[in-house]
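I opened this notebook to look up the charged side-chain contacts in the structure. The entries follow the order in which I worked.

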Amino acid sequence: MPIEPVAIEPPEHPLHALTTYELTYYRRRLENALAFLDKQDPIPPIRADLQAALDSVIAEQQDRARLAANT
């Protein structure tokens, strides 16, 4: 059974320039794609790229939360 390729388009702007909503939406799309890929056997190699993108989004969200807490 062929698997549909998982393609998550990167945002048009760098992560630091996204609104909170855009960042949250991008994170949700990445998490859903990773959940789908985790069900595949074998796990496709693109999963590592998506995980790296998710890690970057989480880091950006944590930075924003830290900055908000300091104000």
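Before any entry I set down what I call a helix: a DSSP run of H or I with at least four residues, whereas a strand is a run of E with at least two, both being numbered from the N terminus. I am working on a predicted model, in which local features need pLDDT of at least 70 and side-chain atom pairs count only at pLDDT 80 or more, while totals for chains, interfaces and linings use all residues. Residues are numbered from 1 along each chain as its sequence is written, and side-chain values use heavy atoms, with hydrogens and water left out.

Entry on the search. I took a salt bridge to be a side-chain nitrogen of Lys or Arg within 4 Å of a carboxyl oxygen of Asp or Glu, and with that criterion the search of the whole structure returned four salt bridges. I looked up several of them in turn, together with the accessibility of the partners, for which buried means under 20% relative accessible area, exposed over 50%, and partly exposed in between, with a 1.4 Å probe and protein chains only.

Entry on helix 1. I located Glu31 in helix 1, which covers residues 20–38, and found its side chain in a salt bridge with that of Arg27, at 2.9 Å from N to O. The two residues are four apart in helix 1, so about one helical turn separates Arg27 and Glu31. Arg27 has a relative accessibility of 27% and therefore counts as partly exposed, and Glu31 is also put down as partly exposed because its value is 34%.

Entry on helix 2, Glu60 and Arg64. Here the side chains of Arg64 and Glu60 meet in a salt bridge with an N to O distance of 3.0 Å. Both residues belong to helix 2 (residues 46–69), and since they are four residues apart, about one helical turn lies between them.

Entry on helix 2, Asp63 and Arg66. I found a salt bridge between Asp63 and Arg66, whose closest N and O atoms are 2.9 Å apart. These residues are three apart in helix 2, and so are separated by about one helical turn. Asp63 is partly exposed at a relative accessible area of 34%, and Arg66 is partly exposed at 47%.
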